Structures are given as C-alpha cells and as structure tokens.
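Look at the model first, then read on.

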Amino acid sequence: MQRRQFIQSAGAVVFGAGLVPHLQTSARAATQATATMEVFSGAIGPGAYDAGSFLQARFHDPRGMAVDAQGNVFVADYVNSVVRKLGTDGQVTLIAGQVEQRDARNGPALKARFYSPECVAVAADGIVYISDSGSNTVRRLDRQGRVSTLAGKLEVEGFADGPGAQARFNHPVGLGVNAQGVLYVADAYNSTVRRISPQGQVSTLAGSPGDTGWRDGQGNRARFNTPVGLALDKQGHVFVSEYFNNVIRKITPDGSVTTFAGQPGKGGFADGSAREALFLHPQTLSFAPDGSLIVADAGNNRVRRIAPDGAVSTLAGTGSNEKVVTGALPGELHLPYGVQALADGSVLVTGLNAILRIQPAAPLKS
C-alpha cells in the first residue's frame, strides 16, 4: 500500500494543550485582525528547506505539530526528513535529522536520520516523540539531544506487543502523550490504536491487527480502518480520526470504542450535529483550550471544529482544492495536513508547504 496515495498527514497532540502559553510571533502575525487566515511560517508554494525567522524559513510538506510547555511549536518536516522547532524567539531551527537524508539512524540529534517523520508529541518533561512512519518505528529525542528507537524495529513492519525492541508497527502515524507519560499511537496499517508505557512496554488499546472495518465495542472487538490522527482530552480519552471510515472515534481509558462524529463509511461534507456531520479523509486532530476538537478534514479541504456540545462547523476552507487563499475567513485550503490549537484561541494548519494561522472571530479560549 502506497502511503502517498492516501495518507497526506496525521496529527500530533501534547497533553494539556490548553495550558500552552501564547506563542510570540512576528509583528505581522501579532497585529493581524481576527477572523483571518495568514501565513504563520514558511511560504505558500514549492517545497524547500531554509532556517531563519518564521517567514524566512521554508518547509517541504510539513505535517504533524505539537506544542511544549514553553510555547515552542514542533513540526515533522516530512519530505525534508527532519524535525523542526518554531521557537518563542521567532526563529525556526533544526532539532533532529539531516535534511533529505532519508534513512533510519539513531545517535546525536543532528547526526540521526529519519525515513519519513510524520507526527510529533511532546511530554511534560520535554522529551519529543516522533512517528517515523516509513521505518515503522516510534523514535525518541531526549533532553540530552540524542535520538533513539522507543518502539519497533527500524525498517521492519509487522505487529507485536511487548517490550519496545520486540514490538512491531506498520506505519505508525498520530501520537499523543498524557500527563503520566503514556504514549498513544495510531498504528495506521495495522488498524489499531497502541499505547507505550513509560517503561517502554507496548500494548494494544483497541482494534484487531490487520482486521479492518468498522465496529464499536470493547478493546479488540472494535474495528478501525486506517486510524491516522490522534488527540487526548483532559479526562484521558483518546480520539482517533479514520481515513477510510471518515469518522472520529472516541476510546475510553479502558478501551471502550464509540463513534464520536461522522457517519461510518459515508464520506462527504456536512456541518451540523456530530451524528449528522460528514467528513472526507480526516487526518490531524487537536484540542483547543475551550474543549473543541479541531479536525484537518483533508478530503474536504477544510478545517472543522467539533464544539463541546457536539456541533460541527467549518473554521476555514470552502472545499476548493486548487490553491491556498489567505485573508478573511473562510479562505481556501489545499489538503490541510496538520492542525495544532494554540492557547490564545487560534489554530495552526499546514498546507502547500506553509504553516498557516487561523484566527477565528471568537477565539477558541477556555
């Protein structure tokens, strides 16, 4: 199965995202009006690699994002095969990997290599986790600046629970880490949701490996079809987007799976109640400070919001897929990949090699 045929990206989330401090940005971003979408970092257009200030930097297919407790934004720069940091000082820096060196190698961060970094998550202690989907592993960047393999075997696909080195994944994508340091993984091609304990033990929270479909239920009785995006709420529930089922699922801490939004197997576009709404190939998920779940609805070229009361609405995008148009909302998006809600009530979204910032008329604050 070819990854680029259908998985454009998937989301990353850091627990307590609503507590992240306001990110300091360039004067242009700080003074823009509400109800707009503007370039936050990079540039709309061909992919490239450059460091520098937010607007000087260049990306090539940026995907999953996460925010740390200091307000730094981390992004998996997919085609460049590196992990970048958008710092609170307004600068974009390389923190792990070597540009366009697509390989799987551990070691010091700037000598390590990634095959295809898809998503990132940041724990409370500052450790950064990366889903290296092409190498079928979950990687770890520690505070001493070293990259190691947390779980899976480099460039070996499969399915197995157990200690990290013995575990196997098949195209891990979305990541989320909770306050206790438990890491959750959307194991896309195994159609399961996995968890990794702080001690590195891998287990399956829900789904049955290789048995795709749709079914709500407990643990291994539930069925998924290509889970990609993943986010955690404050109560410890795991929310997962499914690329082919076109729905958002909710998993309780004990593994009970229900359908949270969308209609199973019925792709399309419709706002309204969670049960009536339609999505098309949803990918990244991120919780906003007000409790809304933000969805990168890639197939619809929109960013959607699921309010705490279950009402689904569109934050940005009109459905056109030819270009990105900034300015007054709704604007236009092209295959939005990653989303990340910020503490000030705005939302970041990746598209056409840029990171855009959506400023809703009513910020999604608590």
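## Terms and basis

A salt bridge is a side-chain nitrogen of Lys or Arg within 4 Å of a carboxyl oxygen of Asp or Glu. This is a predicted model: local features need pLDDT of at least 70, side-chain atom pairs count only at pLDDT 80 or more, and totals for chains, interfaces and linings use all residues. Residues are numbered from 1 along each chain as its sequence is written, and side-chain values use heavy atoms, with hydrogens and water left out.

## Arg-63 and its partners

Arg-63 forms a salt bridge with Glu-118. Their closest N and O atoms are 2.5 Å apart. The pair links distant parts of the chain, with Arg-63 in strand β4 and Glu-118 in strand β9, 55 residues apart. Strands here are DSSP runs of E, at least two residues long, numbered from the N terminus.

Arg-63 is buried, at a relative accessible area of 0%. Glu-118 is buried too, at 0%. Buried means under 20% relative accessible area, exposed over 50%, and partly exposed in between (1.4 Å probe, protein chains only). Salt bridges with shared partners join Asp-61, Arg-63 and Glu-118 into one network.

Arg-63 also meets rings. Its charged end sits over the ring of Tyr-78, 3.5 Å from the centre. Arg-63 lies over the face of Tyr-337 as well, at 5.7 Å from the ring centre. A charge sits over a ring if NZ of Lys or CZ of Arg is within 6 Å of the ring centre and within 35 degrees of the ring normal.

## Other salt bridges

The whole structure holds 15 salt bridges. One of them joins Arg-113 and Asp-103, at 3.7 Å from N to O. Arg-113 lies in the loop between β8 and β9, and Asp-103 in the loop between β7 (91-96) and β8. The two are 10 residues apart. Arg-113 is buried, at 16% relative accessibility. Asp-103 is partly exposed, at 24%.

Asp-132 and Arg-139 form another salt bridge, at 2.9 Å from N to O. Both residues are buried.

## A five-strand sheet

β9 also belongs to an open sheet of 5 strands. The order is β8-β12-β11-β10-β9, with antiparallel pairing. Which strands stand at the edges? They are β8 (107-108) and β9 (117-122). Each has a single partner strand, so one side of each is left without a neighbour in the sheet.

β8 pairs with β12 (residues 146-151) over 2 bridges, in the antiparallel sense. Two strands pair if DSSP finds at least two bridges between them. Gly-107 has Val-147 in β12 as its bridge partner.

## Aromatic pairs

The structure has 4 aromatic pairs. Rings of Phe, Tyr and Trp (its six-membered ring) pair if their centres lie within 6.5 Å; planes under 30 degrees apart count as stacked, over 60 as edge-to-face and the rest as tilted. Phe-40 and Phe-54 have ring centres 5.2 Å apart and planes at 50 degrees, so this pair is tilted. Phe-40 lies in strand β2 (residues 36-42), and Phe-54 in the loop between β3 (52-53) and β4 (62-67). Phe-40 is buried, at 1% relative accessible area. Phe-54 is buried, at 2%.

Phe-239 and Phe-287 have ring centres 5.2 Å apart and planes at 75 degrees, so they are edge-to-face. Phe-239 is in strand β20 (residues 238-242) and Phe-287 in strand β23 (residues 282-287), so the pair ties together parts 48 residues apart in sequence. Ring pairs link Phe-239, Phe-260 and Phe-287 into a cluster.

Conventions:
Helix = DSSP H or I, 4+ residues; strand = E, 2+ residues; numbered from the N terminus.
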